[in-house]
Structures are given as C-alpha cells and as structure tokens.
Amino acid sequence: MGQISEAHGLEVIAEESILCLQKALTHLREIWELIGIPEDQRLQRTQVVHKHIKDLLDMMIAEEESLKERLIKSIGNCQKELAVLCSELRVEPFQEEGEPTILQLEKDLRTQVELMRKQKKERKRELKLLTEQDQELCEVLCVPHYDIDSDSVPSLEELNQFRKHLATLRETKASRREEFVSIKRQIILCMEELDHTPDTSFERDVVCEDEEAFCLSLENIAALQKLLQQLEMRKSQNEAVCEGLRAQIRELWDRLQIPEEEREAVAMVMTGSKAKVKKALQLEVDRLEELKMQNMKRVIEAIRVELAKYWDQCFYSQEQRQAFAAYYDEDYTESLLQAHDAEVVRLRNYYEVHKELFDGVQKWEESWRLFLEFEVPVGSRAPTTALRVPSCSRNEQSLSLPQLNTTTMSNATANSSIRPAFGGTVYRSPVSRLPPSGSKPILTSTCSGKKNPRAARHGADKENLELNGSLLSGGYPSSAPLQRNFSINSVASTYSEFAKDPSLSDSSTVGLQRELSKASKSDATSRILNSTNILP
C-alpha cells in the first residue's frame, strides 16, 4: 500500500513537473513574441532550455548514482572492518536484521564499526596499563612478566585473568613488604645490641637504603632471614657469655666478700648484652680474678665452706669427704684453688641432678627425728638435742632401725621423693665440718665399759646416736640448733604408717626396740643412696 502511494505521488510530481515545464515554455514563447524574436531563433532558444533541463536532470542523476556507489562501497568496507574487529575482539560477527535499504544498512554498519573500534581502543589501553603495573610489580618481586601478547587485542577473559594475576602480585608484595619491614626492624635492633655496623653491600641495602628500592625476591627474603638468624645467634652467644660472666662475678663477689657499695658501682653492667657491657663485665672478672689471686687463702676457705654445705646436703660419709685430699692441704696455691673450683662445680651439678631425692631423704629424717622425740617420755628427756649413747659395748642396747627395702628403693627414680615409711631408716652422714685450716676432727667414743641404767632406759628413744663414726638421722651437733619447720601432721602420718605394720605394733618399748634392733648399724643413708645408684 505504501509503495502504491509512493508511486502515485511520483506520477503526480512528474505530471506537475511537465505542466510546470509546459507553462514555462509557453511563458518564454510569449516573451520572445513580444520582443520580436524570429521563429527560428525562438526554436533555438527552446532547444537551449531543453538542453539545460536535460543537463540538470543528468547531473542530478549522476550525483545520486555516485551517492549510491559510495553507500555500497562504504557498506563493503564496514563489513570487512567489522569482520576483522569481531575476530580481534573475539565476538560474534554482526548480523543485520530484516532487509534494510542501502542507506540504512550503511548507517547500521558504520555505527557498529565505530562501537567496536572504541572497544578495541579501550582494551588496548587497559592492556597497556596492566602491562605497566605488571612490569613494576615483577621488578620489585623479581618474578617473570605475565605472558600475554601486547600487540593483539585481549579478550575480556584475558583481561580478567590479568587483573587477578596483578591482584595476587600486589598481595605477595604487601606480604613480603611486611615481612621485610619486620625482619629489618629486628636486624637493626640486633645490630644495635651487638654494636655492629653494616659491612656488606647486602647489609647496607637492608639497613641504609630506601625500603621501596629493596627487591622483595624470595632469595632476598631468605637472605634476610639468614642474616637475622646469624645476628640472633651472635646475640644469644653474647647473652650467654655475659650471663656466664655475671655468674662468675657474683661468685667472686661472694668468695671475696666484696662490700655492697663496691658491687653497686658495676650494677649498670649487670643487665644487657651489648658489646660495651660484655667488655665491662670481662674487665670486672679480670679485676676480681686478680683480686682472688691476691686473696688465695680466703677464697679457698670460702669454697671449703661451700663444699661442706654440699657434703651435708648430699649425705656424704666421712670417708667420702676425706677422699678429697685437697680439702686438707694448707699450701694455698693456684692449682689448689682450681681443684676446689672443679670439685664444687661437680658437687653443685650432682646435687642439682638429684635434688628431689635428697630433699625427700631430708624430710624423712626430720619426720623420724620428730617421731622419736614424741616417743621419749617427757620426764626422761635429756635437757638437750645433743644426746649421745656409747655404742662400743656389746651388752649395751642401742637403737637401730629396720633395714630399708632396697628393692623398692632401687626402683625409685632419681627425681622421686622418698616416702617416709618405717620400712627402713636413714643415717645422716657426719655433719661435723673440718675447719678451713684443714685440721681433721677426731671422733671419740664416750663408752666407759659400764652399762648406764639411764642409757638402757633411753636406748630406744635417743634422737642422736653415734654409730661407726656417723650420726643417726636427726642428729645435730650442739652448735647447730634444731630447726622445727615441719608440722605435727607429717609426724602423725609417719607414725600411723608405722603402726599399720603388725610386726611393729608392739605397745611396749621393748617390743619396739626388738623390731628396731634388726636394722644394721652401718650408714643407712649411704645404703639408701647406693641402692638408688645416686652416690658417686
């Protein structure tokens, strides 16, 4: 219907054009007649008008034909370019819907080309930006560049993958940067502690250069960690050396009896481990060592006091004490001092290893001594803690305790405490100490050969009994007052365990004496410690 209307309109326009042309020719002819132009000239002029009209129409037709050709050519060019762009952008080829005119098709194709050109330009621009970022991150992290063709047009998926890769690189950079800053801070602290100046190019790059310029490669991070470990090891070694020097200083202070005000003068170097602190500590040790050499006798006597303390704590017998002959040497030389130093170190280590066992034995002795003290009738108790009973007479009744179950004790570990039970007893090794001068104590017997009625009465109750040169557990010299830092409950518990044994439940003192007399009169403490493989 539209085509019919369009055709009818063209016919109307053509008819009007013809009428207009006829009217114009008629009007021209009238003018020519009025002017008086001859007929032949009027005919010529009419031909000229016809030619002008025909040329004009031909020119118009030629222009329209040219327009049509241009449109067709543009359509072809756009179609070719669209095909290339679709291939580069990796999208589906453009398809025109319906049957458009040449003009409409050309317009649609041209619009689509412009759109795809814009997309291509944006992708290339983003690819360039991402490539620059990748190059920067790769240089910092010392990793290879992202593998992508910078000359081609990337697809949307490729750009997305590139963005994800860069995000991972940024996270890696941030993580390594944080690790680098943390390690660098620790390295600087260690260097300050060690008074160490960076002396290699790597150390200078770490400490002195800008943090942003440092290459955060895995190799550099590993080298940083290694450098920090080396510095921390040196720091630990310095700390150990300084702590050893401090311990040596304190020991020398005590041995040399350095006054407190003199100790406070070097208090500032008793903490820290810097190089200057280490140097100051070494100087103090050297000074004290020189002072020690000048006060050899006093130092050796101080060590002997410490040795006697460890002998008591380790329940050493008199024979064991006398085995260290240097203790009795009065020739105060450097070699004698070294021998005492070595012996006190050995005993200190030995005591620390078996401290729990020795503490258990000590506690057992205290409980047993207190039990005996409660068992002795008040009226018959001697006026002191220092009662002694002669043990040389066969007829004289002496107090001994049932032998300790060595099988049980041998199964005990060195770190276990001894349970106070009456399956055995402990004899304390002699507590009398040799004077620093080295003079040996002489143990004398108070046996008179006659039976003392009171001794018989108290034979089962005595707290301190000297047997074979050793004091029974609980025995103390008269010069050392008894320390009663224990509770009645511990003693009551001990006695209740004693009462549970039917063989030891005689109510009479004679029954108790009979059971207790089965024990050997040898050094029970030594038996206990030997059975547990403790005594050296």
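Is Glu343 buried or exposed? Glu343 is buried, at a relative accessible area of 12%. Buried means under 20% relative accessible area, exposed over 50%, and partly exposed in between (1.4 Å probe, protein chains only).

The model is predicted: local features need pLDDT of at least 70, side-chain atom pairs count only at pLDDT 80 or more, and totals for chains, interfaces and linings use all residues. Residues are numbered from 1 along each chain as its sequence is written, and side-chain values use heavy atoms, with hydrogens and water left out.

**View 1. Glu343 in helix α11.** Glu343 sits in helix α11. Helices (H or I, at least four residues) are DSSP runs, numbered from the N terminus. The Glu343 side chain makes a polar contact with the side chain of Arg346, at 2.7 Å. A polar contact is a pair of N or O atoms within 3.5 Å; within protein, one must be able to donate a hydrogen and the other to accept it, and residues adjacent in sequence count only if both atoms are side-chain atoms. Setting aside neighbours within four places in sequence, Glu343 is in contact (heavy atoms within 4.5 Å) with Leu307 and Phe324.

**View 2. Val344 in helix α11.** Val344 also belongs to helix α11. Val344 is buried, with a relative accessible area of 0%. Residues up to four places away in sequence are not counted here: Val344 touches Arg255, Ile303, Glu306, Leu307 and Tyr310. Ile303 is 41 residues from Val344 in sequence, yet the two lie 7.3 Å apart in space, C-alpha to C-alpha.

**View 3. The largest nonpolar core.** This core has 37 residues. A nonpolar core is a set of buried Ala, Val, Leu, Ile, Met, Phe, Trp, Tyr and Cys residues joined through side-chain atoms within 4.5 Å. Trp253, Leu281, Leu288, Leu307, Tyr327 and Leu347 have the most contacts inside it. Two or more residues come from each of α6 (218-256), α8 (275-294), α9 (296-313), α11 (334-353) and α12 (355-375). Helix α9 gives the largest share, eight residues.

**View 4. Around Trp253.** Which residues is Trp253 in contact with, leaving aside its neighbours within four places in sequence? They are Ile258, Arg263, Val266, Met270, Glu284 and Leu288.

**View 5. A second core.** This separate core has 24 residues. Among them are Leu130, Leu166, Phe180 and Ile187.
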